[in-house]
Amino acid sequence: MFKNTIWDFDGTLCDTYPSIVRSMKEALEGFGYEVAEEEILWNVKKTLGYALEYYAEKFGLGEALEKKFVELSKKASPTERPLYDYTKEICELIIDRGGMNFIVTHRDLESTLKVTDYYGITELFTEIVTRDHGFARKPDPEAFNYIVKKYNLRKEETLAIGDRALDIIAD
């Protein structure tokens, strides 16, 4: 039986895709390019990094696209990144049953805490591992191995939950 859970953030705990797509679309429009939201979503669901690289290369924007995207994304309020139904209750249940919750995300700590603090769920996570920790990006298991080792977790009792294959194969 699973006891501990390592959660992905974007698309798993919170429905951040509409906000991400909107910020990407606005960033591209700022450079004069119109791209359908469905196409952006398809590329973002591969990975955000993939989408940024794809459009930067396609339109010859270099790092300017990522800079503009980050600027626009930081303006999004937590209400534009709602928790999925029962997220808080599931995390509380895991704790009530003696388990621990963790987050492993490519997002930075500031933007992660902006959302988790707003929804009152920060305290439900034993640790939140972000890109600020400097671990290799998923699917590399480095961040997962760090959590397992630091908290002496048994792998057979620890579940990774994410919305993309890279979140699952990383464990």
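This is a predicted model: local features need pLDDT of at least 70, side-chain atom pairs count only at pLDDT 80 or more; totals for chains, interfaces and linings use all residues.
**Entry 1: the second largest pocket**

I sorted the lining of the second largest pocket by class and got 4 nonpolar, 2 polar and 2 charged residues. For its volume I noted about 160 Å³.

**Entry 2: the largest pocket**

Next I looked up the largest pocket, with a volume of about 620 Å³. It is lined by 28 residues, and the closest to its centre are Leu48, Leu52, Phe69, His106 and Arg131. H4 brings the largest share, 6 residues. Sorted by class, the lining of the largest pocket has 13 charged, 8 nonpolar and 7 polar residues.

**Entry 3: a look at His106**

I picked His106 from the residues closest to the centre of the largest pocket. I found His106 in the loop between strand E2 (101-104) and helix H6 (109-118). Is His106 buried or exposed? It counts as buried, because its relative accessibility is 17% and the cut-off for buried is under 20%.

Then I checked the partners of His106. Its side chain makes a polar contact with the side chain of Arg137, at 3.1 Å. A polar atom of the His106 side chain also lies 2.9 Å from the backbone nitrogen of Lys138. Setting aside neighbours within four places in sequence, I wrote down Arg131, Arg137, Lys138 and Leu166 as the residues in contact with His106.

Terms used. Residues are numbered from 1 along each chain as its sequence is written. Side-chain values use heavy atoms; hydrogens and water are left out. On a 1 Å grid over the protein atoms alone, a cavity is a set of points where a 1.4 Å probe fits but cannot get out, and a pocket is an open set with protein on both sides within 12 Å along at least five of seven lines; lining residues have an atom within 4 Å of a point. Grid points are joined across faces, edges and corners, and a volume is the space filled by probe spheres set on the points. Helices (H or I, at least four residues) and strands (E, at least two) are DSSP runs, numbered from the N terminus. Ala, Val, Leu, Ile, Met, Phe, Trp, Tyr, Cys and Pro count as nonpolar, Asp, Glu, Lys and Arg as charged, and the others, Gly among them, as polar. Buried means under 20% relative accessible area, exposed over 50%, partly exposed in between (1.4 Å probe, protein chains only). A polar contact is a pair of N or O atoms within 3.5 Å; within protein, one must be able to donate a hydrogen and the other to accept it, and residues adjacent in sequence count only if both atoms are side-chain atoms. Contact means heavy atoms within 4.5 Å.
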